[in-house]
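Thanks for coming. Please take a look at the protein on the screen, and I'll walk you through it.

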Amino acid sequence: MQTLFSTEGVLEKDKFRLWRDVCEDRLVPMAQTCLNDEPFNATIEGASIGGLVFTKFALRNLRAATTPRTLRHENHKTDHLFMSIVLSGQVRADQYDRSSTDRVGDFSIRDTNTPWTIEHSGYSEVLAIGIPRERLEGALGSARLFAGVTVGGDLPTATLTRSFLGNLLSLGDRLTPQVAESMVSTGLDLIVASLAERLAREAQRPVQDSVVVQRARAYLEAHLHDPTLDPPRLAAAAGVSLRRLQALFRAQDRHISDWIWHRRLEAAAKRLADPGCLHMPLGTLAYGCGFLSQSHFSRRFKERYGLSPRDYRVRALARGAEGGPEGRPGRLTPSRRPS
């Protein structure tokens, strides 16, 4: 590969500006910042084989992000996606509500149409390959389905893909244009195969996600009385990160904290309507459902059901005395659904 840029021998005040110019010319316009005050040092190498553009970046402690503003830049390459292979160190990235930490051998696809954020904490080397968008989307569907998904370096097809592309890069200058183009086509087929295998594993996640949600629900039901129960603790009990549990709840148009309070209020309403709990003072009932104080309980309960807990109990027990169908107590309806 040819060295396109190096900070070696460049004045300190000019290093980052020149880096940014070359870097963004090879990729897309980005907002870039250093993560610390250490002197900035980096290199960029590049090669073009069979119409495929390879760029190797070696850098340290950098954050780069595409933003709504950079996406409107006239030099933005919307017709390309970028494959990012980690050669050294690790890279943290976010796109399409997916967060990942890619390590040596892993690769991901970046979609140039939507914002992404990439962080190089410490030293890292990354090989970026510009790929025609239509080549991947024609085989796999919208980039939204696979951009930001980490393809692990231990995946068999990923190992083959990485090896093939590495050999293509090292031997590309010895290939005729026709052969180079044919080899690039083979390399793209391998990339598609790797992504397809990874996505096939991703398709199993709905089942796993369902198990996680059910585990969280069971833990909440068993600990409704505990006022210290909060989203981080619930996520830990479910065996996932808080971010992951939040995403699962967002998919159901809920927030974790809202759901916790929703279940506590439902449990309280059930006890208020139960003749067997008539002897229970409202404060005791509130504490037993995880509320920190009776006033807090009363305020939230009235917001939810439109009645104070005391009035709700009186009305529910009156209806129960009258009897519903088949002698069952009647049920009061919440005044509004929780957000």
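Let's begin inside. The largest nonpolar core holds 34 residues. Within that core, the residues with the most contacts are Leu 234, Leu 245, Phe 297, Phe 301 and Tyr 312. Which elements give two or more residues to this core? They are α6 (205-222), α7 (231-238), α8 (242-250), α9 (256-272), α10 (282-288), α11 (294-305) and α12 (309-322). The top contributor is α9, which gives 9 residues. One general remark here: in soluble globular proteins, nonpolar side chains tend to be buried together.

Bear in mind that this is a predicted model.

What does Phe 297 touch, once neighbours within four places in sequence are set aside? The contacts are Ala 268, Leu 272, Leu 282, Leu 285, Ala 286, Phe 291 and Pro 309.

Now the overall picture. The protein has 12 helices and 9 strands. Its radius of gyration is 28 Å, whereas a compact globule of 339 residues would have one near 20 Å. Along the principal axes, the C-alpha atoms fill a box of roughly 90 × 45 × 35 Å. How much of the protein is buried? Buried residues are 42% of the 339. Next, contacts with a sequence separation of 6 or more: 69% of those join residues 24 or more positions apart.

On to surface and charge. The accessible surface is about 17700 Å². Carbon and sulfur atoms account for 51% of that surface. As for charge, there are 46 positive side chains and 38 negative ones. The centres of the two sets are 9 Å apart.

Next, a loop residue: Thr 150. You'll find Thr 150 in the loop between α3 (133-140) and α4 (156-171). Why does Thr 150 count as buried? Because its relative accessibility is 17%, and the cut-off for buried is under 20%. What surrounds Thr 150, leaving out neighbours within four places in sequence? Thr 150 is in contact with Ser 100, Asp 102, Asp 106, Phe 107, Ser 108 and Arg 198. Look at Phe 107 in that list. Thr 150 and Phe 107 are 43 residues apart in sequence, yet their C-alpha atoms are 5.9 Å apart in space.

Last stop: the loop between β6 (90-95) and β7 (98-103), where Tyr 96 lies. Asp 97 lies in the loop between β6 and β7 as well. Check the backbone angles here. Tyr 96 is not a glycine, but its phi is positive, about 55°. Asp 97, also a residue other than glycine, has a positive phi near 60°.

Asp 97 has 69%, so it counts as exposed. The cut-offs are under 20% for buried and over 50% for exposed.

One distance to finish on. Tyr 96 and Leu 188 are 92 residues apart in sequence. In space, C-alpha to C-alpha, Tyr 96 and Leu 188 are 23 Å apart.

That's my tour. Over to you.

Terms used:
Residues are numbered from 1 along each chain as its sequence is written. This is a predicted model: local features need pLDDT of at least 70, side-chain atom pairs count only at pLDDT 80 or more; totals for chains, interfaces and linings use all residues. Side-chain values use heavy atoms; hydrogens and water are left out. Helices (H or I, at least four residues) and strands (E, at least two) are DSSP runs, numbered from the N terminus. The radius of gyration is taken over C-alpha atoms; the globule rule is 2.2 Å times the number of residues to the power 0.38. Buried means under 20% relative accessible area, exposed over 50%, partly exposed in between (1.4 Å probe, protein chains only). Contact means heavy atoms within 4.5 Å. Accessible areas come from the Shrake-Rupley method with a 1.4 Å probe; for residues, only the protein chains shown count as cover. Lys and Arg count as positive and Asp and Glu as negative; His and the chain ends are not counted. The place of a charge is taken as NZ of Lys, CZ of Arg, CG of Asp or CD of Glu. A nonpolar core is a set of buried Ala, Val, Leu, Ile, Met, Phe, Trp, Tyr and Cys residues joined through side-chain atoms within 4.5 Å.
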